[in-house]
Every structure is written in structure tokens, then in C-alpha cells.
Amino acid sequence: MHFETTAIHAGAEVDRETGAIAPPLNLSTTFERGIDGQPAHGYSYIRDANPTQARLEEALAAIDSAAAALAFASGMAAGAAILQSLPTGSHVLLPDDSYYGFRILATDFFPKWSLTADFVGMEDLGAVRRSMRPETRVVWSETPSNPLMKIVDIAALAAIAHERGAMAVVDGTFASPALQRPIELGADVVLHSTTKYLGGHSDVQGGSLAFARRDAFFDAVATTRKIAGAVASPFNSWLVLRGIRSLAARMRVHCENARALASFLSTHPRVAVVHYPGLPAHPGHDIARRQMTDFGGMLSFEVKGGREEALAVASRTRVFTRATSLGGTESLIEHRATSEGPTSRTPPGLLRVSIGLEHSEDLIADLQAALA
Ligand SMILES: *Cc1c(COP(=O)(O)O)cnc(C)c1O
């Protein structure tokens with residue numbers, strides 16, 4: 001079945017009691033037990049599992065070609081649950097360009113959790129091999145990466161991880177499963193901040209993990225979620241499930257608009273460099289062509305003149321709104337170094353844009369005026 005069809009039908013069975021086509025939003029925190037004291041309908045207590053979340057997880061697994069999936073309160077909660085489920089003493093290889101929250105987890109929380117980390121440029125496979133230790137349990141990658149849009153070779157990283165008995169975890173938030181399905185390339189776990197493209201309307205926070213196998217590690221992460229409690233609420237699960245139905249159609253327009261913006265920016269005299277994997281000059285272009293079906297709706301560009309000029313450009317847009325986050329219907333522009341704060345390693349002249357679903361000519365005109 002094609003992705004578009006799966007995304008619309010997974011977890012979408014008609015409600016048996018009422019015939020409702022849209023899934024019921026089930027807010028109950030507790031579920032009836034039988035006379036033997038056991039759960040009578042498959043559910044017991046909301047933090048454990050609930051029907052709306054179960055439908056979402058069925059869809060999340062299907063769209064990522066996974067054996068099983070877990071929904072979380074946020075993308076960070078999903079990532080933290082992986083790390084909290086590792087044996088103490090584990091070593092984790094993180095990308096040098098990862099989402100800043102994971103970098104802070106590694107520096108400030110890993111010591112408390114008895115984990116160690118090294119940061120490595122995941123596009124340098126030799127460096128990845130050299131950084132592997134006997135206790136390395138996870139090779140973490142993010143592709144495309146935030147905010148430099150680096151592309152890493154998922155299949156090659158998974159092979160290195162597996163050779164050494166580690167798992168390959170891929171944060172696929174920027175691509176979404178519509179464009180890239182890491183499990184098909186050999187990854188073990190895929191993370192999404194469903195706050196972004198899966199939700200798709202800047203109105204819900206969530207995270208997800210999709211697992212290649214329903215194995216002991218899946219059980220460990222499910223237990224972490226249940227006991228530490230970073231669960232998705234039924235309403236948030238319902239909104240993410242609703243977003244998944246239109247994901248493929250939205251991604252097509254995000255990609256088409258981003259392509260138009262990238263080609264406009266790449267010839268603009270005030271732009272020093274455009275980071276977009278769809279441009280043939282991008283260092284990860286060939287790998288992106290192999291492992292993605294399109295190049296996504298995110299791009300960043302560096303304005304000549306550094307920080308002051310970049311802030312000035314962002315101050316002049318009228319269609320793009322200055323805000324962090326991504327994946328909604330509206331276009332956003334962000335001076336990323338300011339959002340990331342003092343520990344940021346992002347180039348000071350960099351502006352990150354989330355290309356929305358407006359008409360591309362209006363988006364180009366807006367940036368044209370802002371760059372003038
Ligand atoms: C936003 C984001 C996260 C964190 O997700 P939250 O839902 O904000 O917790 C993780 N990874 C990437 C790539 C993101 O863009």
C-alpha cells in the first residue's frame with residue numbers, strides 16, 4: 001500500500017458502537033474490570049494505555065513501517081524515555097548538530113543517569129567508527145539536522161551500530177515519515193516531535209517512537225513511559241492522529257514551496273549560503289536523494305553581514321512570522337542562535353525558515369522585500 005493510503009486508513013476503523021467515521025475522543029482515565037478483577041475491555045488506567053492513544057500508535061507504527069510505536073507528551077519526552085531505558089554505564093554517540101535539547105540532556109542529565117556521551121559529525125563515518133566503544137548502546141542521528149540541514153547516511157550508520165551491538169536511533173522530525181522511513185533503511189528506533197509535521201497545525205505537542213521490533217527494549221521504554229509518566233493526553237493523541245491523515249498532501253506543498261524558496265535564495269546577492277538538501281550543491285544532496293522521497297519544507301540560510309543583518313531581515317518580513325518551531329501551515333522565520341541561547345553553536349547570520357502552505361510567490365516576495 002502507498003504511504004498516502006496507509007496514513008489515511010491506519011488506526012481508522014469505524015467505531016463499532018456508533019458507526020462514527022472520525023475516531024471517538026476517549027477521555028476516560030479508568031476502565032471497567034470484570035468480576036475476576038481483571039481488565040474486561042483491554043484497558044485499565046489511562047497512563048498505561050487508552051483507546052485514543054492506541055489508535056494513534058497503530059497509525060504511527062504503520063506510517064513508519066515499524067513493528068510498534070509509543071506516543072509521548074513531547075518529542076523531548078520521547079527522546080528522554082529512550083535514554084532513561086538504557087542500562088547504567090551506557091555510552092551514547094550523539095550528532096554534533098543535534099536538536100539543542102538533546103545536547104543539554106547529554107551535558108546536564110547524563111551524569112545523573114550514569115550515561116556518557118560523545119558528539120561526532122555523523123556524516124564522517126570514519127569518525128563514527130573511531131568513536132564507538134564497547135559500552136556504546138546508541139548511535140543517535142538527526143537527518144535532516146537542525147538547523148544546518150545536514151544529511152547523514154542512515155543505512156551506513158545503522159550498519160556501524162549493528163556491527164558493534166548498538167542501536168541506531170534516528171530523529172526524523174524534519175523529514176516526517178512521508179519523506180523518509182529510517183526503519184526501512186535499517187534503523188532500530190525512529191523519533192518524531194509530533195508537535196511539528198505530524199500534528200501539522202502548530203496547535204498540539206507530542207512525541208513518538210517507532211520501533212523496528214517489539215522486543216525487550218520496546219518493553220523497557222514502554223515501562224519508562226508508564227512509570228515516569230511522560231504520556232500523551234487523549235486529546236493530544238486525537239489531534240496528532242487527525243494531522244497524520246493529511247500529512248502526505250501537506251508535505252507535497254511544503255516541499256514544492258521550499259524548492260521555490262531555496263532556488264530564489266541561492267541566487268540572491270545578500271545571501272551567503274542556503275542550507276537545503278534539495279540543492280545539488282548541498283553536501284548531502286546525493287544521500288538525501290537516495291533515502292528521502294523529497295527534500296522537505298525546512299531550510300536555513302546565512303545572511304551576509306552576520307547577526308545584525310540576519311535580525312534585521314527577520315524584522316522586515318510580513319508573511320513569515322518570527323517564531324520558533326516548524327511544520328505548521330504558516331511560514332515561520334527564526335534567528336536560531338538567539339532561540340538557542342548562550343550555548344548555541346549556530347552561525348550568527350543564520351535564519352531558519354519553516355516553509356508553510358501559502359502560495360510560493362507570496363513567500364518569495366516577502367523574503368525579497370525583507371532582504372532588500
Ligand atoms: C522540536 C524538536 C524536538 C523536540 O520536540 P518537542 O515536541 O518540542 O519536545 C526534537 N527534535 C527535533 C528535530 C525537533 O525539531
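A charge is taken to sit over an aromatic ring if NZ of Lys or CZ of Arg is within 6 Å of the ring centre and within 35 degrees of the ring normal. In the predicted model examined here, Lys112 meets this criterion, lying over the face of Phe109 at 4.7 Å from the ring centre. A second case involves an arginine: Arg225 is placed over the face of Phe72, at 5.8 Å from the centre of the ring.

Aromatic rings were next considered in relation to one another. A pair of aromatic rings is described by the distance of the centres and the angle of the planes. The count comes to 8 aromatic pairs. In one of them, the ring centres of Phe102 and Trp140 are 4.9 Å apart and the planes stand at 55 degrees, so the pair is classed as tilted. Phe102 belongs to helix α4 (residues 100-109) and Trp140 to strand β4 (residues 136-142), so this pair ties together parts that are 38 residues apart in sequence. Phe102 has a relative accessibility of 2% and therefore counts as buried. Trp140 is likewise buried, with a relative accessible area of 0%. A further tilted pair is formed by Phe110 and Trp113, with 6.4 Å from centre to centre and 35 degrees between the planes. Of these two residues, Phe110 is buried, with a relative accessible area of 1%, whereas Trp113, at 22% relative accessibility, counts as partly exposed. Phe102 and Trp140 also belong to one aromatic cluster, together with Tyr99 and Tyr100.

Helix packing was then examined. Two packed helices are described by the angle between their axes and the distance between the axes. The axes of helix α9 (residues 247-266) and helix α13 (residues 360-371) come within 9 Å and cross at roughly 30 degrees. Angles under 35 degrees count as roughly parallel, and α9 and α13 are therefore roughly parallel to each other. Their crossing is right-handed. On the α9 side, the contact is made by Asn257, Ala260, Leu261, Phe264 and Leu265, and on the α13 side by Ser360, Leu363, Ile364, Leu367, Gln368 and Leu371.

The crossing of α3 and α7 is right-handed. Ala81, Ile82 and Gln84 of α3 make the contact with Phe217, Val221 and Thr224 of α7.

Two individual residues illustrate contacts between separate parts of the sequence. Leu125 is found in helix α5 (residues 125-131) and, at 25% relative accessibility, counts as partly exposed. Leaving aside neighbours within four places in sequence, Leu125 is in contact with Ala156, Leu157 and Ile160. The C-alpha atoms of Leu125 and Leu157 are 7.3 Å apart in space, while the two residues are 32 residues apart in sequence.

Lys196 lies in the loop between β6 (189-193) and β7 (207-211). Buried means under 20% relative accessible area; with a value of 10%, Lys196 is therefore buried. With neighbours within four places in sequence again set aside, Lys196 is in contact with Thr173, Ser325, Leu326 and Gly327. Lys196 and Val240 are 44 residues apart in sequence, and their C-alpha atoms are 9.6 Å apart in space.

Note on methods. Residues are numbered from 1 along each chain as its sequence is written. This is a predicted model: local features need pLDDT of at least 70, side-chain atom pairs count only at pLDDT 80 or more; totals for chains, interfaces and linings use all residues. Side-chain values use heavy atoms; hydrogens and water are left out. Rings of Phe, Tyr and Trp (its six-membered ring) pair if their centres lie within 6.5 Å; planes under 30 degrees apart count as stacked, over 60 as edge-to-face and the rest as tilted. Helices (H or I, at least four residues) and strands (E, at least two) are DSSP runs, numbered from the N terminus. Buried means under 20% relative accessible area, exposed over 50%, partly exposed in between (1.4 Å probe, protein chains only). Axes are lines fitted to C-alpha atoms, for helices over the stretch in contact, and angles run from 0 to 180 degrees between N-to-C directions. Angles under 35 degrees count as roughly parallel, over 145 as roughly antiparallel, 65 to 115 as roughly perpendicular and the rest as oblique. A crossing is left-handed if the near helix is turned anticlockwise from the far one by less than a right angle, and right-handed if clockwise. Contact means heavy atoms within 4.5 Å.
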